[in-house]
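Here are some friendly notes to read alongside the model.

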Amino acid sequence: QVHIVESGGGLVQPGGSLRLSCAASGFTFSMYAMNWVRQAPGKERELVATITSNGGSTTYADSVKGRFTISRDNAKNTVYLQMNKLKPEDTAVYYCNARRNTRDYWGQGTQVTVSS
């Protein structure tokens, strides 16, 4: 059975940092590209960052380039999102997504709130 569990969200002041983690099980993690996707209230989901299965390539939304870093540890079946210089507009539920061909798995999300 597939399990994807995000953690590390919370309340942070503007300019602060958070590190999200996503622990996965029930599938061959090292064969899947991993994504972080966020959704703010009243807005559509936004693809924030992607990392290839072997970690060799990453891509970012323009809104987070230079501030967020995605990484993965295939030995631990975990993907991370380091978020620095957070802004109020980064407030959203952040979801971890595993994708390979037609297979698409999602976690339950973790709330990130950036506010003073």
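Predicted model: local features only at pLDDT ≥ 70, side-chain atom pairs only at ≥ 80, totals over all residues.

1. Residues are numbered from 1 along each chain as its sequence is written, and side-chain values use heavy atoms, leaving out hydrogens and water.

2. Start with strand 9 (residues 92–100), which runs antiparallel to strand 4 (residues 33–39) and is joined to it by seven bridges. Strands here are DSSP runs of E with at least two residues, numbered from the N terminus, and two of them pair if DSSP finds at least two bridges between them. Arginine 38 has tyrosine 94 of strand 9 as its bridge partner.

3. Strand 9 also pairs with strand 11 (residues 110–114), antiparallel, over three bridges. Here tyrosine 94 is partnered by threonine 110.

4. Next, look at strand 10 (residues 103–106), which pairs antiparallel with strand 9 over four bridges.

5. Which residues touch the most other members of the largest nonpolar core? Among its 29 residues they are Met34, Trp36, Val79, Leu81, Met83 and Tyr94. Such a core is a set of buried Ala, Val, Leu, Ile, Met, Phe, Trp, Tyr and Cys residues joined through side-chain atoms within 4.5 Å; buried means under 20% relative accessible area, with a 1.4 Å probe and protein chains only.

Notes
Buried < 20%, exposed > 50% of the residue type's maximum accessible area, 1.4 Å probe, protein only.
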